[in-house]
Amino acid sequence: MEILDQSPKIELRNLLVSDYIELKKSMIESYNGMPEDYWTEKEIKSLLKKFPQGQLCIEIDERIVGCALSIIVQSSKYDDDHSYTEITGNFTFNTHSENGDVLYGIDVFIHPEFRGLRLGRRLYEARKELCEQLNLRSIVFGGRIPNYSKYAKELTPKQYIEKVKRKEVEDPVLLFQLANDFHVRKVLKGYLDGDKESMDYAVLMEWINIYYVKSDKILDSQKKVVRLGLVQWQMRLFRDFDAVVNQIEFFVDAISDYQSDFVLFPEFFNAPLMADFNNLKESEAIRKLSEYTEPLLEKFREMAISYNINIITGSMPFKENDHLYNVGFVCRRDGSYERYEKLHITPAEESAWGIKGGNKIKAIDTDCGKIGVLICYDVEFPEIPRLLADEGMNILFVPFMTDTQNGYERVRNCAKARAIENECYVAIAGNVGNLPKVNNMDIQYAQSAVFTPSDFAFPVNGIKAEATPNTESTLIADVDMDLLKELHNFGSVRNLKDRRKDLYSLVKRKAAK
């Protein structure tokens, strides 16, 4: 079975002069209330010359579908009562100062065709990261209130804002800004000429950079702390495929609300869909389950984009060339994905389902660095994580499914050992509950957890966080990449560096067809 790549490839990057033609098309479509008020090529070139890092765009299938423009200003030079013309230097942007302390938002837009994918949130998060990296005090901008004209006769701007906060009045622009941790600093009159929808009013919005320090220190652009979200999935009977998808989205939504970088699902979490095929032999039922794999992959990819989170899909049966494999997918938040495969098949999987072992051993690139994914039994073979560590893996994800506590302890103890041996973090996520109407899937036991190396910088027991056993839940944990760098070079012991390569070596061979 070949999986067709139909989801859009999303890239958030810095804007280039060569993007202007596509940028102009999107601006005209986006500014439906003011279609003639788009940025000229000369103005965009000026912004890029003065402050290239501050001009961000989102590209989908070679189309510029979103943009965020900004400058840096010195807050002491401008009081709160300013206009858009003043803050932009009459659109010359000579107000930009490399020595300023505030990132000032000039514009943000998303093409109407691509709204609903949370691309605006992605641009806002990128701005926040830039603000932190440049050690700026805050992000400030004048926000339109386009629905105010509908209520101007009965509400003052203050009353209107309060009703929007209480969701008694709908204003998607202001509500979006409030939802992204911006607060209203002041109501401005006459901010943007010609903004009839806002009745010439605007709200001065601000996001405070809590990491700001009064120094010239520039933060490293590479992500130092990665947030992991684990799903401890309750096995239960579902009404249909859509019900399973709804439950998946519930967890993705909940974990993404904590600004997590990854969400991990367990092995064969979709097994409840086999209930409809319980009249068949086990080997036939699992093949029927594999028919849901491609539709689930597409749903996962959509959610990775929409919720701006990297999703590790646990595992699902996958039919290829009449063979059945146990596979999963890393669905990146830019729309791309990669497949991983279970290499070692347990005797029960082989005898009951006829599953074959895969051949792919590869560390996977993500926006948080290289990761590895090993499905359940594979973590009990130390050679594979070591090969992945040699490729630069810093986080190992292990989706698993165990029916008894002794089976779980094998996975858990081996995962803890892999964290020590390979100087990496290991996250494991499993299923709980029971499935009385699905053969060979009756009971489950799990306690999802995040394990660390064993040294002074880490928890003394090597456990960063763990869930309550046998209870449906999520687990959120932050892991610090800088601690791994320090461990590699200055740890009490250095398992990777101190290997006797003069005596032994580990080599990845090309798999036989």
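Below are some questions and answers on helices, cores, salt bridges and aromatic rings.

Q: What kind of model is this, and what pLDDT do local features need?
A: Residues are numbered from 1 along each chain as its sequence is written, and side-chain values use heavy atoms, with hydrogens and water left out. This is a predicted model in which totals for chains, interfaces and linings use all residues, side-chain atom pairs count only at pLDDT 80 or more, and local features need pLDDT of at least 70.

Q: Which residues of helix H8 are buried, and how are they arranged around the axis of H8?
A: Helices (H or I, at least four residues) and strands (E, at least two) are DSSP runs, numbered from the N terminus. Buried means under 20% relative accessible area, exposed means over 50%, and partly exposed is in between (1.4 Å probe, protein chains only). In H8, which spans residues 282–289, the buried residues are Ala 285, Ile 286 and Leu 289. Seen down the axis, with directions taken from the helix axis to the C-beta atoms, these buried residues fall within an arc of 95°, so they line one face of the helix.

Q: How many residues does the largest nonpolar core have?
A: A nonpolar core is a set of buried Ala, Val, Leu, Ile, Met, Phe, Trp, Tyr and Cys residues joined through side-chain atoms within 4.5 Å. Those with the most contacts inside the largest one are Leu 228, Ile 312, Ile 371, Phe 397 and Ile 428. Leaving aside neighbours within four places in sequence, Leu 228 touches residues including Phe 262, Ile 395, Phe 397 and Val 450. The largest core has 56 residues.

Q: Where do Asp 482 and Lys 485 lie?
A: The side chains of Asp 482 and Lys 485 meet in a salt bridge of 3.8 Å, N to O. Asp 482 is partly exposed at 29%, and Lys 485 is partly exposed at 38%. The two are three residues apart, about one turn of the helix, and both lie in helix H13.

Q: Is Arg 239 buried or exposed?
A: Arg 239 forms a salt bridge with Asp 240 at 3.5 Å, N to O. Asp 240 is partly exposed, with a relative accessible area of 29%. At 67% relative accessible area, Arg 239 is exposed.

Q: Why is the pair of Tyr 148 and Tyr 160 edge-to-face?
A: Rings of Phe, Tyr and Trp (its six-membered ring) pair if their centres lie within 6.5 Å; planes under 30 degrees apart count as stacked, over 60 as edge-to-face and the rest as tilted. The ring centres of Tyr 148 and Tyr 160 are 5.2 Å apart and their planes are at 70°, so the pair is edge-to-face.

Q: How are the rings of Phe 241 and Tyr 292 paired?
A: Phe 241 is in helix H7 (residues 241–256) and Tyr 292 in the loop between H8 and H9, 51 residues apart. Phe 241 is buried, with a relative accessible area of 17%. With centres 5.6 Å apart and planes at 10°, the pair is stacked.

Q: Which residues is Asn 422 in contact with, leaving aside its neighbours within four places in sequence?
A: Asn 422 lies in the loop between helix H12 (405–421) and strand E18 (425–429). Asn 422 is buried, with a relative accessible area of 1%. Beyond those neighbours, its contacts are Pro 385, Arg 386, Ala 389 and Leu 496.

How values were computed: A salt bridge is a side-chain nitrogen of Lys or Arg within 4 Å of a carboxyl oxygen of Asp or Glu. Contact means heavy atoms within 4.5 Å.
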